[in-house]
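Subject: Structure for you, with notes

Hello,

The structure is below, followed by my notes on it. Please read them with the model open.

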Amino acid sequence: MEFFEKLMSIDRRVIFFFVGVALIVPFFLDIGQKIEISPEVQALYDAFMELPPGSKVLMTFDYDPPSAPELQPQAITALRLCFDRNLKVIMIGLWPMGPMQANLALGTIFSEKKYLDKEPVYGVDYVNLGYSPGNELVIQRMGSSIPATFPRDFQGTPVEEIPLMQGIVNFSNIDFVFNLSAGYPGTVEWVQFAVDRFHARMGAANTAVQAPLVYPYVHAGQLTGLSGGMKGAAEFEKLTGFIGKGTKFMLSQSFAHVIVILFIIIGNTAYFVTRGREKRS
Amino acid sequence: MDSFFSHTLAAILTIGIISFLYKDNPLYKFCESLFIGVSAGYWFVQQYYANLLPKLFDNLGITRMLGAENVPEGALQKLFLHGEWSEDLLYLIAGILGVMMLLRLVSRIGWISRWPMAFIVGSISGLYFITYFQSNAMRQMQNTILPLNSFNNLVLIVGTVTGIIYFYFSKEHKGLFGAAARVGVYFLMVTFGASFGYTVMSRMSLLIGRVDFLFGTWLGLVK
Amino acid sequence: MRRQIPQLLTAIVGFVYIIQFFIPHKPFNLFERMFSDWFLIIAACAIWLGVLNLLKLSSEKVYKRGKDWPYSLVSICGFFLITIAGLFFSGGRHFQDPGTPFDYVYVNIFTPLSATMFALLAFFVASASYRAFRARSKEATLLLLAGFFVMLGRVPVGDLITSWLPEGYRLSNLTDWIMNVPQTAGQRAIMIGIALGIMSTSLRVILGIERTITGGE
Amino acid sequence: MKTFSYSFIFYCLLGLILLATTDGLAQVESSDSLLSPLLPPSEVIAEDHPGDAGGAIIVRWKLSPDEDKGITGYEILRSASPTAEFSSVGFAATGANRYVDANTEDSLTYYYKVVAIDADRNASESEISPPVRSSPQWFNFHLLNLLIIGGLICGAVIYFIAHAKKGKKFFLRKIAGLEAVDEAIGRATEMGRPILFIPGILDMDDVQTIAGITILGRVAKTIAQYETKLNVPTSRSIVMSTAMETVKEAYISAGRADAYSDDFVHYVTDEQFGYVAAVDGIMVREKPATCFYIGAFFAESLIMAETGNSIGAIQIAGTAMPAQLPFFVAACDYTLIGEELFAASAYLSGEPKQLGSLKGQDVGKIIAMLAIVIGALLETFFAISGSSFFGSLAELVHKLFSIVAS
């Protein structure tokens, strides 16, 4: 009986403990969770798979470290997919921290055994053109000239000296755009400018908060595929057959979410039981 | 080895902050004080390089006067060397206001720091007056003028109008008016509940990032 | 004089900023554009005041051996560490480039501290919802229901529970509806109220009726 | 139909190649337009952009009749003379019949051409527009409605302020959070614990901070009457200076200049989370009996409010940040929601003039509600009856509240 009263004024540290456990445990679980693939993520994966080897993929990193748990796994999956299929990757960022995230993703991939022997070559297989300020205006400028918008790469090398950039003028030389977005500027702007105006083919990965705003573009055919939040990351990983952090992260997030919901239910149960008792007495 | 050292440093700081959840402790106090000092310094340096130097010194031409050749001529050079008026000269006003602000340090004439404050408060009042009226009031009103031909529109209009009634100050919330205000409160509560629930998930992912740093990047337990 | 001039300044500047909005002609069009720069310059000067205040209070504590004084020493050292690194050893304007000492402190000290502090929210969101989402009254119940459904509707579990319902009537659809209709209505009422509140506050300040800040009663 | 146009394009291209190989001189651009299956846009008119500071010209045109035959947009070309070379200034999407060229010199004359382009990069040029110059104006007539409605609200505020000056009393409903201020200060005094006041994390260039500091001034006046310690950590230097002046003034006007100390207000750091870390530290160590969070807040709102809750402080919050209101409502005892924050300093001052302005604010609310209700009813009548009378009235109301960007 006293149990419920205690529950009512439970020490917040108990809640903290459970949230922590719910977040940490999935990191060490190796359960083959059944992940259903949504059509949007399938479409995104198919878009990558349809590209013939040697195609040029523009990856835009429009997010910063706070959104990294949701988007980094997707960046890694997409990069790995590109390298495995011998697609050429051009990375840029409309957010100042974006290109740093790109380098971090590359670091993660290249530390794998598989790539230690055959590391993709910078400037030939991939290039990081860095950040350019100006939000959607950057996309607009890229529509007329990518080399003029990004005259130098991340390290300051002029693009004319980069083999991969030879022959790239604007979006017509890009076979696929993959946008990783956590807000503004992001997928909405890329659709409005790169897709609607310059007819690029594009897919996107978004944070869970952003994704609902972008879904209409998928249905209208402006976006070829969309992967939203950690769940999208997990699906994407499952499709590529490489189970990375996205799957673990998604489990963590779902567990924590369920814990919060459970606590709300417990709190209300305790409240009604104690109040019922007060009324009777 | 070097990266292990940096990661360990970052990990200790991470654990220090998290330990606050249990209770206040020396490690947290250390992290907190370090954070205060480092971040104050960070912004101090930032303010200098991002604002003071380019916006004031470069625009006026002070950097060039001090011998920086690679900076283009500023407003003062244009005025005194070429006799040209330049809009950038207006930055001088900002410079003067900034110095007035610093005069607080001299207690005898500290009162002069009220001038830049008055300037800021005045301009903000003017600017916000108009921008909020335009984008908050007018736009939201316009968006709410909808035909009552669907349930959703009806809910939107009733919610907005009763919500405004809740904020009404000069009439007692009694009778029919009070009932409408109460409906307004219900709408506000739904609004708060919904936006709260909506953000829970994104807050979780922040922590996942830190957990990943501790167990993955630092300890290497999670691949 | 000391009191009237600031008040007058507030009134004039405030009025100019209101009318410049309607007058696109020179020189009025310059004001709005310049203001943000001006403010940033004043703020960049003023940060000296803040920093000196921080250093003064901290060093007083160290000097007087006040409670927890060693921690104040940590603050002072931290401040000088990054400031000296940034101003003198990080290549001037390129102080933020990767590999500079300033960047090292930023990446390995500043970022983990800031990210972790931010991440504490995950815990606090949980404890706050435990207390707040309780059906104590009609209002609280609405808060609870809206929050609960939106939370459930945003995870796969939500649609799993309601998968027996026809498509378009599942929890995620309810979530969308709550967000798009009643939530939007409430937000609009709040926003219109805020606009009116700001207009009235601004007028009071410009007209000199509200003088708490500009001084003098 | 489709096969026909494809074969047409095919033969055109074939002809082009033949032409190029036989002649060797064919220029791709001219033959492009020569062979273009597209009809050009027509009636191109360029005008000065009204209500601006000069430097912009609006170009309008009649859409190409081939609009639905795969036109992907219109390229806008400009030149300083009808005979000189035209260069591109911008691009407008399909269906658009206007473009603002915001990059003109007021002293120059310009000519415009609009080119329809389809997905195969076929292009078709319009006639050249008549000459045009941009110029600045002294009043932006697009904002006339804003001036009228804004003037109405201002007028109401000023009218009621003047009315109040003459001694007229208004009824004002209670705001729970403000009723609690005195009690909260009293409680801190009884418990012998300090009062913590957080004026938000934005600088003085936000009205919420200004509102926060004015409330601080009022609260400090009450605190000055007790022997209670006030602690105001700030995250901005200008806020620190302003808060110091304000608190000092409050103590002086309460006749307690002796009790004032410059240490009440202090700067911590500009960094959002560094500031939060410090505030949390102050909370658990000094255990304030009352916490005020009044100003502009972001994600830190909940971190502070939850910590404050854990030490059992009475918490009064106020913000106009819609995204943070839910967290304050959840974790604090009282929350001033949006407009209530801005009304608070007037309430606390108790001065008739200030209270009069609140009455004026309410007139703004009546305008808003009337506009919404009347507008919605007109729209509904129009939707039901289809009568053009209601239609035009509804449009009028819409227009009255519409904001034209350009």
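A polar contact here is a pair of N or O atoms within 3.5 Å; within protein, one must be able to donate a hydrogen and the other to accept it, and residues adjacent in sequence count only if both atoms are side-chain atoms. This is a predicted model, in which local features need pLDDT of at least 70 and side-chain atom pairs count only at pLDDT 80 or more, while totals for chains, interfaces and linings use all residues. Residues are numbered from 1 along each chain as its sequence is written, chains are lettered from A and ligands numbered from 1 in the order in which they are written, and side-chain values use heavy atoms, with hydrogens and water left out.

Chains D and C

Between chain D and chain C, 16 residue pairs are in polar contact, both residues being at pLDDT 80 or more. Helix α6 (residues 237-253) of chain D gives the largest share of the side of chain D that touches chain C, with 9 residues. Helices (H or I, at least four residues) and strands (E, at least two) are DSSP runs, numbered from the N terminus. By class, that side of chain D has 38 nonpolar, 20 polar and 16 charged residues.

In contacts (heavy atoms within 4.5 Å), 74 residues of chain D meet 52 residues of chain C. The area buried between these two chains is about 5300 Å², with 73% of it from carbon and sulfur atoms. Buried area is the accessible area (1.4 Å probe) that two parts lose on being put together, summed over both. There are 2 salt bridges between chain D and chain C, a salt bridge being a side-chain nitrogen of Lys or Arg within 4 Å of a carboxyl oxygen of Asp or Glu. Arg218(D) and Glu210(C) form a salt bridge, with their closest N and O atoms 2.9 Å apart.

Chains C and B

Here 108 residues of chain C are in contact with 107 residues of chain B. About 10600 Å² is buried between the two chains, and carbon and sulfur atoms give 81% of that area. The rule finds 3 salt bridges across this interface; Asp68(C) and Lys29(B) meet in a salt bridge through their side chains, at 3.3 Å from N to O. It also finds 15 residue pairs in polar contact, both at pLDDT 80 or more. On the side of chain C that touches chain B, α4(C) gives the most, with 23 residues. That side of chain C has 76 nonpolar, 21 polar and 11 charged residues.

Asn51(B) lies in helix α2 (residues 26-60) of chain B. Is Asn51(B) buried or exposed? Asn51(B) counts as buried because its relative accessibility is 9%, where buried means under 20% relative accessible area, exposed over 50% and partly exposed in between (1.4 Å probe, protein chains only). Leaving out residues up to four places away in sequence, Asn51(B) touches Gln46(B), Leu56(B), Leu40(C) and Ala44(C).

Domains

Domain bounds come from an automatic or database domain assignment. Chain D is divided into domain 1 (42-125) and domain 2 (181-332), and their centres, taken over C-alpha atoms, are 56 Å apart. In chain A, the assignment gives domain 1 (3-27 + 255-280) and domain 2 (33-243). The centres of these two domains of chain A are separated by 41 Å, again over C-alpha atoms.

Regards

Conventions. Ala, Val, Leu, Ile, Met, Phe, Trp, Tyr, Cys and Pro count as nonpolar, Asp, Glu, Lys and Arg as charged, and the others, Gly among them, as polar.
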